[in-house]
Amino acid sequence: MAIQVTEVGDASDLLSELRAWLSENWDADITVAEWWNRLGLAGWSAPGLPSHAYGRGVARSVAVQIAQEIASFGAVGAPDGLGLLLAAPTIADHGTSEQIERFVRDIVTGQKAWCQLFSEPGAGSDLAGLTTKAELDGDEWVFNGQKVWTSGGQIADIGMLIARTAPDAPKHQGISYFALAMHQSGVDVRPLREMTGHALFNETFLTDAHCTRDDLIGQLNNGWAVANTTLGYERSGLGTGGSARGVSVVPGTVAGNLERRVGDFVAPAGERPRRAPSAGQRAQAYELFVGLAKGNGKNKDPLIRQDLVRLFAFGELGRLNAERLKATRARGGDIAGMANISKLSMSSVMRLSRDLGFRIVGSQGMIHAYDSADNQTVTDATHNPFLAGVTMSALYAQAPSIYGGTDQIQRNIIGERVLGLPRDPGNDKDMPFSQLPKNA
Ligand SMILES: Cc1cc2nc3c(=O)[nH]c(=O)nc-3n(C[C@H](O)[C@H](O)[C@H](O)COP(=O)(O)OP(=O)(O)OC[C@H]3O[C@@H](n4cnc5c(N)ncnc54)[C@H](O)[C@@H]3O)c2cc1C
């Protein structure tokens, strides 16, 4: 049975309650599993979730303050990853109470890690064009098809899977949403190496993979609405920079962290920052680059100074937009398209940071340690301790303008749904999916 906690409006009372709770419950000598059990069941792992789903029903800004408070106390924060960011809020919105108990509890306590099985080789921006089939066989759903770009698939216990359940319905109306156990013979996860040298994501092959009827999240053939809930949480989570957790630890049965001593994941008291950075400070990546420019003797270069000011302006715009949204929501309103705008802004900041970083480190930017084990060798050769961070984030800077919906798709959404511009012409909204023309 999920805990029942009163919805909270006053953050200062809540933060005092949290500090008292941390003093009583944080113990560096217990396991990560036991710590997350305490944190999650007390409603502190995902305080933004409603009270019937292991949360406290607080606004996102308050949830960020809670995460910062846990970090500045010196405790390990909530489990990292897509379970907490996407699956838990989606299941809280669309799942049954039995599913909340079965899935959300294991997410907030870090027992299970999740991945997102949405994109396919032929269905990314046009996600509703997916072709992975789900067929009912007795009491089981059986899946066949291929997913791609599955971030964290290699360490996931469960996947948020969308598949086609009614091929003769129009494409958005024949999709359903499932929780799929990843550790079964019908699921084959193959890592894909990226330009950074790492393998963050995978391709996932489903060959007679299966789940039970109870693993359908939301109504049959209503998976498009459920998937859009997940995508909404993805955009707002990514646009605000994800979590504010100080120490992030990977949850689930595969990563191997659950039985480790939790205190081993935090820095000793003297080496910790006294306070986690505020939302405003975090938004200002420019501070990091001012330091980088000074460290590399480039802080007097007028072109670099111009870009630093651009970065500052982006940070300020993000902060002011967040304040504007907070004030509007406090009055019961909303600002359409804000999640899309935040995400667009985040990918611009990443690109600007990439260019600025390269300009500051100059020709050394051509040297990258594709294996993190070689970082030290690069540092020793270049005498530049910042270089590995600069090249890694520069090579990763292409990703945010693609994942969670590309920049072009965010602009389409703003154009069509916020500004009321005409949609792309097409007959794919009403025609049965099985009759739509497809690539060979
Ligand atoms: C780092 C990373 C992690 C990811 N993690 C996951 C994950 O965990 N799970 C998951 O399911 N997916 C994940 N994705 C996939 C991501 O959601 C897709 O890559 C994205 O939706 C784009 O799809 P696509 O790659 O098929 O590109 P396409 O849809 O083929 O697009 C190609 C180009 O055409 C443009 N384009 C397409 N349609 C339009 C249009 N209507 N108007 C204007 N321009 C258009 C796009 O903007 C893009 O520039 C991840 C991607 C990245 C980069």
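This is a predicted model: local features need pLDDT of at least 70, side-chain atom pairs count only at pLDDT 80 or more; totals for chains, interfaces and linings use all residues.
Is aspartate 208 buried, exposed or partly exposed, and how many other C-beta atoms lie within 10 Å of it?

Let me begin with the overall picture. The chain contains 13 helices and 8 strands. Its radius of gyration is 23 Å, which is close to the 22 Å that the globule rule gives for 440 residues, so the chain is as compact as a globular protein of that length. If you follow the C-alpha trace along its principal axes, it spans about 65 × 50 × 50 Å. Of the 440 residues, 39% are buried. When we take the contacts between residues at least 6 apart in sequence, 73% of them join residues that are at least 24 apart.

Now to the ligand, which has 19 residues around it, and among these Phe118, Gly124, Ser125, Trp149 and Thr406 come nearest. Two elements, strand S1 (114-117) and helix H13 (407-418), each give two or more residues to this shell, and H13 provides the largest share, with 3 residues. What kinds of residue make up the shell around the ligand? The shell divides into 9 nonpolar residues and 10 polar ones, with no charged residue in it. Please also look at how the shell relates to the domains, since it draws at least three residues from domain 1 (114-224) and at least three from domain 2 (277-405).

Aspartate 208, which sits in strand S7 (residues 202-212), has a positive phi of about 55° although it is not a glycine. With 13 other C-beta atoms within 10 Å, aspartate 208 counts as partly exposed, because a residue is called exposed at 12 or fewer such neighbours and buried at 20 or more.

The second residue is asparagine 221, where phi is near 65°, again a positive value in a residue other than glycine. Where does asparagine 221 lie in the chain? Its place is in the loop between strand S8 (216-217) and helix H6 (223-239). Asparagine 221 has 16 other C-beta atoms within 10 Å and is therefore partly exposed, since that count falls between the two cut-offs of 12 and 20.

Note on methods
Residues are numbered from 1 along each chain as its sequence is written. A residue is near a molecule or strand if its C-beta atom, placed from the backbone, lies within 6 Å of it. Helices (H or I, at least four residues) and strands (E, at least two) are DSSP runs, numbered from the N terminus. Ala, Val, Leu, Ile, Met, Phe, Trp, Tyr, Cys and Pro count as nonpolar, Asp, Glu, Lys and Arg as charged, and the others, Gly among them, as polar. Domain bounds come from an automatic or database domain assignment. The radius of gyration is taken over C-alpha atoms; the globule rule is 2.2 Å times the number of residues to the power 0.38. Two residues are in contact if their C-beta atoms, placed from the backbone, lie within 7 Å.
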